[in-house]
Amino acid sequence: MGKTNFQYDETGNTYYYVFLTFLGFVLFPSTYYFWPKTEQEDPEKRRKYVQAQARDTVYYYACMEKAERMTQKDPWVQTRRRITMLVLMAGWVVFAMVIYQISQFDYEMANFDPYEILQVSFDATAKEIKKKYRELSLIYHPDKPTGNEKLFMKLTKAYDALTDETAKYNWEHYGNPDGPQAMQFGIGLPAWIVEEKNSIWVLGVYTLIFMICLPTAVYYWWSNSIKFSGEQVLLDTTQLYYYFFHKSPQMMLKRVLMVLAASLEFERGHNSEIVERPTDNVEIPQLMKYLPNLGINNKEKPLCFGYSVKARALLFAHLSRISLPPNTLHQDRLYIIKRCPFLIHEMVTCVSQLILLAHAGRIGRWPTLDTIENAMKLSPMVVQALWERSSPLLQLPHVEEDMLKYFHSRKRNIKTLQQLAKTKDEDRRSVLRGLTDDQYRDVIRVLASMPIISLDITTEVVDDEAQHVVTAGAIVTVTVLLKRKKMETLMSGSVALDGPEDAEDPEMDEDPEDLVELHKPEDDDAPQDENGKPPTKAKSTPVWKKQDKKKKGGKKGGSKPKQKKPKTNKPSTDGNGEEATGAQEKASENSSKSLAKAQSSSSKKRRKNEADDGSGSDRESGSNSDSDDPEKNDPPSRQSNADEDDEEDEEAEWEKFQKKINKREKVLEGKSKESHSAHCPYFTDDKQEFWWVYIADRKAHALITPPNHVTSLVNQEEVELKFSAPPKPGTYTFMVCVRSDSYLGYDINEEIKLDVQEAHKAPTEHPQWEFEDDDEEASGKEEDSEDEFATDDEYDEEDEE
């Protein structure tokens, strides 16, 4: 039996297998991930920034510039695609060549046919085989000019396999005239690698790759990665924010803007992408003359540094929409405002963490609610290139400051985008009468694409028996369901909208003056008319229209006393001054509903216990007593109701369990950052609509929950906010706040009231806790054993007697 041999690959056959394996591991995933794909252009972006119908306007040039900048954002993308395609194609060609080479090796090794080698037929005689062997050996003998040693050896083996009985038996049974061969394991390295004369070169290449290049690459990657946080913000900038917000807990908007401009991302020493030009010494002082209240006299470091003053001037110019030199300061402004949303989000995170540290007693004072809200206000200001006090209507194309006076008159007082969307098309066109038809179509197109948000708010105490009863110190879970719709659902009869999508939505048009509609679950006890349908609501007069004065007196026959109408919930308060007066009624209604649910659950349990008692008595008394005394049995309707209640409870518990599983799966999937593209022609890049959701105490000016950054609101998104209930019983009012980081005038504030009750005392006794100790059981067993069995001492006493 042959032995196992290990040897280096002399012929290179084994090396081809190893090379083919590694090449396949690289080629298959690389082709899947890096093969150039045709990117489909987002039609929403193209509609916003390319198809501006009004020509020769500031808005048109801004849109064209942004569209060109977004298409040329990566000028080397086509070159990289071509190089990637060529490299992948070359790799696949090499892969095919290696496969062909290996197939040739397999053919030579596996197809040993002596008849084919000697070029004779299967029925050839020994004389014919010998004759043919002599002819071929005269040609391929190594001593001849036409000799071939390798082929001559094959001829000899083929001749032996057909003439020698032993060789023929070995060929027929083992496929080789030499008999069974030893198993050989070839090391997939060529022999020249381990030769002594090449050892220095091999060791040098190994040292260069694994001891110099690889550690250098790891060090370079690690040294760059440790400078940034998870949001790609410099850690030095984060420390700067911590310092200023801890130093100034009450920070005004202007100072927040100064701290933003002092971020180290705008300093050449920390960011190599920053460009410092000699022309800055001339252009920056000229720009500062047109910017009042820039704060150049502030000597506080680093607010007085040159890079900070430059960034602050460019931010002020951006918010004022001042034109800058296109090849110098304009390019610097585009880079600065591109980085601002990430820096503002880091600001909000730093302030919220300082507040949490203050609540934990780690620091003495914490930033106020106004400070963190001022930081949030900066994001839509930078995205829309508007100041805080600017009208939200300026976010629309072609609307300038001198046109705002037409929105305020005796007939109408339009302050928000929602009010403009709800205005009739004739009135809207008259307000915008200074625009051409193309400009008006641009306005309507952009207005229809803007979002409108509605909220569903539920409050509960999770993992508690009474989920709708809030006790002192309990963990309260506020679930906010955000629903997004387009503004076109509020617009009716607009000739500038295309397609049937622009029909008004009846859900969003129930209350004409509502900026945000809070959907509430249907109430079975709601008033109904004679036909069993809920009464129709009378259309209320919009806020911006004056109500007609009622005439005194009445008809001669006397007037009937007016019936009081039931109170209805009014819109929630938004950032434009529209107040919500129905929050108190809603809170009382929610509390009454929670009490009703608690009572219904207790009654369900009571009915279930009674049904169980009745069934037990029925089994004891027998069938005859049941028929004689029907009062002992529950009515069938009562039993069916109890069964239905049990099924409803089980379904509700199952739904809650499914929701928990879905939430866990969603958390594992990760956070998406794709929602809708915001309309922002003055912003550098495409901006997705993000939202902040948090709970605040307006009376105490305190932040209750850290802001939750919602980045994936496409149609609807559910947000959970948790906080500890106040330690003392009473009624508390909190505010659920929603803020946009892309649009001005989209702040939503909705009140929630908590009726905090006294916490239940911890039980000290329970029937399930009553059980005998092990010692008492052991002593009882010993006493029993003394009665039944005798000890050795007793036997000894009996023997002595």
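Good morning. The structure is a predicted model, in which local features need pLDDT of at least 70 and side-chain atom pairs count only at pLDDT 80 or more, while totals for chains, interfaces and linings use all residues. Residues are numbered from 1 along each chain as its sequence is written, and side-chain values use heavy atoms, with hydrogens and water left out.

Helix α15 covers residues 369-384; helices here are DSSP runs of H or I with at least four residues, strands are runs of E with at least two, and both are numbered from the N terminus. From its first C-alpha to its last, α15 reaches 24 Å with its 16 residues, close to the 22 Å expected at 1.5 Å a residue. That expected span is 1.5 Å times one less than the number of residues. Of the 16 residues in α15, 14 are buried, where buried means under 20% relative accessible area, exposed means over 50%, and partly exposed lies in between, with a 1.4 Å probe and protein chains only. Just after this helix, A385 takes a positive phi of about 60°.

I turn next to two pairs of packed helices. Helix α11, residues 253-261, packs with α13 at an angle of about 125°, and their axes are 8 Å apart. Axes are lines fitted to C-alpha atoms, for helices over the stretch in contact, and angles run from 0 to 180 degrees between N-to-C directions. The two helices are therefore oblique to each other; angles under 35 degrees count as roughly parallel, over 145 as roughly antiparallel, 65 to 115 as roughly perpendicular, and the rest as oblique. On the α11 side, the contact is made by L257, M258, L260 and A261, and on the α13 side the residues include Y307, A311, L315 and F316. Contact means heavy atoms within 4.5 Å. By class, this contact of α11 with α13 has 9 nonpolar, 1 polar and 1 charged residues. In this classification, Ala, Val, Leu, Ile, Met, Phe, Trp, Tyr, Cys and Pro count as nonpolar, Asp, Glu, Lys and Arg as charged, and the others, Gly among them, as polar.

The second pair is α10, residues 235-247, and α14, residues 329-359, which pack at an angle of about 50° with axes 10 Å apart. These helices too are therefore oblique to each other. Among the residues that meet are Y241, Y242 and F245 in α10 and L343, M347 and C350 in α14. The contact of α10 with α14 divides into 8 nonpolar, 4 polar and 1 charged residues.

Helix α14 also holds D332. Is D332 buried or exposed? D332 is buried, with a relative accessible area of 10%. Leaving aside neighbours within four places in sequence, D332 is in contact with V275, R277, D280, K310 and L314. The C-alpha atoms of D332 and F266 are separated by 9.5 Å, with the two residues 66 apart along the chain.

Finally, some features of the loops. A cis peptide bond with omega of about -5° joins K301 and P302, and P302 lies in the loop between α12 and α13. H398, which is not a glycine, has a positive phi of about 70°. H398 lies in the loop between α15 and α16 and counts as buried at 9% relative accessibility. H701, also not a glycine, has a positive phi of about 55°. This residue, H701, lies in the loop between β7 and β8 and counts as partly exposed at 46% relative accessibility.
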